[in-house]
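Here is a short briefing for a reader who is new to this structure. Please look over the sequence and the model before the notes that follow.

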Amino acid sequence: MTPGSPDNHESPDAPKTNLFDTEAKRLRDLLSDHATGSTLNDDETIEMNRLLADHPELADDRFEQAAALLAVAELPRTQEAVPPRLAERLDADAKRFFADAPTGPLTLTPPAPGRGRSPWRVFLAGAVAGGVAAAVLVSAVVQIDEPPAVVPPVVVTPTPDQRFADYQSQTPGVAEYAWTVREQGYEQVAGRVAWSDAAQAGYLVFENLPVNDPGVAQYQLWIVDPQRDELPIDGGVFDVADHLAADGRAYVPIDAKLPVALPAAFAVTVEKPGGVVRSAGPLVLVAPTS
Amino acid sequence: MPRIAAGDRAAVSECLDRYRGLVWSLARRSLADVGEAEDLVQDVFVELWRKADRFDPARGKETTFVAVLTRRRVIDRLRRRRTRPEAVETAADQPGSAAGPDVLAEIGDELSRVRAALAELRPDQAEALRLAVCDGLTHAETAARLNLPLGTVKTHVRRGLQKLRDRLDPAGGDP
């Protein structure tokens, strides 16, 4: 069969393009409905989530912006002032917000000799149980005071697979979702996402994911969560080599930058070093949750 | 927002001073219950402070960011409660919107484009969009109010909003 012959029906980008256009138009309709506050039924919600998972590049918050600007443009000319009691509550919230946030290096008191839990494990358990606070904790500087013990403490750094096993055994409500490959050259990749809504923590497990050169590109995780935002949540960048275990798999902790409400899919793209705010690289893996 | 994300406490107070009127106005426009509107305003600000690092000036102005987040939470509550806006008491109204003029000035260009796009819609299309977005009516309620078929209202609202969206970002329209 030669290019241009009547039998050559498969090549072309035309059917693919038509499908893309059809799905893009449908997604625009659903995003419009979502932005105007229309309650999508179950089928429509599933359809929107699927389209967003299939085409994260089409996620578009301009519909929400247009609706919000219309709401502002149409505000009545007269409006009651902010009640003084509300102003007081807001001021109190602001003070409490900063009081709750860590402002300096965290100091962990090590366990008494013989207790058996390493400072790392104390930190890990606390971070997992702390849910959203984990993201703050892991980015803080952890300083461990040396105890005045006769025998110096031995800190065993757990391997990536041990950390994952700890996560699975200590975290409530972990659900797992399989990866599907979306990019040529990654067909050999397998694995899954483990995620707990309750703990707001999770892991990515990969088999045969090509090792990246961190100076050239990094993998970046995105969490598609239309209930929270039409744009995917940044799940953090990672380098495969940093997370490889002896079994050949990579175990990557999820570093969600925001609380996740109802994840529709987890997606991995390849981005420039340091990651990006909005994905520009190829979508290589997707793990839909439904 | 970037200053809040960097931990600047003074920026939090400035954020409150600047946007509390806007957030309050948007909440009261759609929520009949004063207590519920107050709770929503509190929720919105705590979320704003937490999400401050998410603000990207390349994607829109700060006021738009605040308005989008407020509307999301309003929609959440309307979906749960379906509180009707016509029940909003207006006896306590005072002259002038609670949203400060400086806040509205920041997004003056965007508001002008939205108003221009709205003016280009057919009257029934514009009214359907207003009822859905500003008054929080469902498509079915809008259809009953305007005496139009449900499918027509759905199309009016979708196409109307898409026109506004494309006016705000002409490069990002239909593929």
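**Briefing**

Chain B has 9 helices and 0 strands. Helices (H or I, at least four residues) and strands (E, at least two) are DSSP runs, numbered from the N terminus. This is a predicted model, in which local features need pLDDT of at least 70 and side-chain atom pairs count only at pLDDT 80 or more, while totals for chains, interfaces and linings use all residues. Residues are numbered from 1 along each chain as its sequence is written, chains are lettered from A and ligands numbered from 1 in the order in which they are written, and side-chain values use heavy atoms, with hydrogens and water left out.

**Chain B overall**

- From the N terminus on, the elements of chain B read α-α-α-α-α-α-α-α-α.
- Chain B has 175 residues, and 51% of them count as buried. Buried means under 20% relative accessible area, exposed means over 50%, and partly exposed lies in between (1.4 Å probe, protein chains only).
- Take the contacts in chain B between residues at least 6 apart in sequence: 66% of them join residues at least 24 apart. Contact means heavy atoms within 4.5 Å.

**Where chain A meets chain B**

- Chain A gives 58 residues to the contact, and chain B gives 75 residues.
- About 6100 Å² is buried between the two chains, and carbon and sulfur atoms give 58% of that area. Buried area is the accessible area (1.4 Å probe) that two parts lose on being put together, summed over both.
- Between chain A and chain B there are 10 salt bridges. A salt bridge is a side-chain nitrogen of Lys or Arg within 4 Å of a carboxyl oxygen of Asp or Glu.
- One salt bridge pairs the side chains of B:R72 and A:E64 (2.6 Å, N to O).
- Which elements of chain A give two or more residues to the side that touches chain B? They are α1 (13-35), α3 (62-73) and α4 (84-100).
- The largest share of that side, 12 residues, comes from α3(A).
- The residues on that side of chain A divide into 26 nonpolar, 10 polar and 22 charged. Ala, Val, Leu, Ile, Met, Phe, Trp, Tyr, Cys and Pro count as nonpolar, Asp, Glu, Lys and Arg as charged, and the others, Gly among them, as polar.

**Salt bridges in detail**

- Over all chains, the count comes to 28 salt bridges.
- A:D29 and B:R159 meet through their side chains in a salt bridge (3.0 Å, N to O). A:D29 lies in helix α1 of chain A and B:R159 in helix α9 (residues 150-168) of chain B, so the pair joins two chains.
- A:D29 is buried, at 6% relative accessibility. B:R159 is partly exposed, at 31%.
- A network of salt bridges links A:D29, A:D33, B:R158 and B:R159.
- Within chain A, the side chains of A:R192 and A:E176 form a salt bridge (2.7 Å, N to O). A:R192 sits in strand β5 and A:E176 in strand β3 (residues 174-178), so the pair ties together parts that are 16 residues apart in sequence.
- Within chain B, the side chains of B:D17 and B:R20 form a salt bridge (2.8 Å, N to O). The two are 3 residues apart in helix α2 (residues 9-30) of chain B, about one helical turn.
- B:D17 is exposed at 55% relative accessibility, whereas B:R20 is buried at 14%.

**Other sites in chain A**

- A:D239 is in the loop between β8 (233-238) and β9 (249-253). At 11% relative accessibility, A:D239 is buried.
- The side chain of A:D239 makes polar contacts with the side chains of A:N212 (2.8 Å) and A:Q218 (3.0 Å).
- A:A190 is in strand β5 (residues 190-196). At 30% relative accessibility, A:A190 is partly exposed.

Key. Polar contact = N/O pair within 3.5 Å; in protein donor to acceptor, adjacent residues only side chain to side chain.
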